[in-house]
Amino acid sequence: MLTATSKYTEYISQFREILRSHDLRMLKTDSDNLYYVHKGPKDALKSVCFIAGIHGDETSGPQAILRFIKRAEFAQDIFYTFIPVVNPWGFNHGKRYNAKRLDLNRQWCDELFGENKALWSLIKDRQYNIVH
């Protein structure tokens, strides 16, 4: 059984393993322990962003990203971004909110801080065709 402190670490290990099989590299933000992946040409006209794990007690999104990448046949003309777990603390503890007891989804339109600020820094400079 995974402990609270190992749940996120275990997920990231699984994510890394799947990425290796597709010759993809995981990147990390400077703060907030937020991992992400970019795939495809940066100058692509089409782009898709998959975001999951905003609520730590909802693990189906992060698991769906693992399965998608594992089975994907990536189109060469699309730029992909994957951000599998936005709320690592909530994911570790099975909680909807983050370590400051804030629901990141409800805080999105307020002043950006913490995890939301890190997420925004990853997606703000690109006009995605689809964000899911």
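Author: The account below turns to the aromatic rings and the core around them. This is a predicted model, in which local features need pLDDT of at least 70, side-chain atom pairs count only at pLDDT 80 or more, and totals for chains, interfaces and linings use all residues. Residues are numbered from 1 along each chain as its sequence is written, and side-chain values use heavy atoms, with hydrogens and water left out.

Across the whole structure, a search finds twelve aromatic pairs, meaning rings of Phe, Tyr and Trp (its six-membered ring) with centres within 6.5 Å; planes under 30 degrees apart count as stacked, over 60 as edge-to-face and the rest as tilted. The pair of Phe 68 and Phe 82 is tilted, because the planes stand at 45 degrees, with ring centres 5.9 Å apart. Since Phe 68 belongs to helix H2 and Phe 82 to strand S4, this pair ties together parts 14 residues apart in sequence; helices (H or I, at least four residues) and strands (E, at least two) are DSSP runs, numbered from the N terminus. Phe 82 is buried at 0% relative accessibility, whereas Phe 68, at 35%, is partly exposed. Buried means under 20% relative accessible area, exposed over 50%, and partly exposed in between (1.4 Å probe, protein chains only). Phe 82 also pairs with Tyr 80: their centres are 6.2 Å apart and their planes at 5 degrees, so this pair is stacked. Tyr 80 is buried, at 7% relative accessibility.

Elsewhere, one aromatic cluster is formed by Tyr 8, Tyr 11, Phe 15, Tyr 35 and Phe 91.
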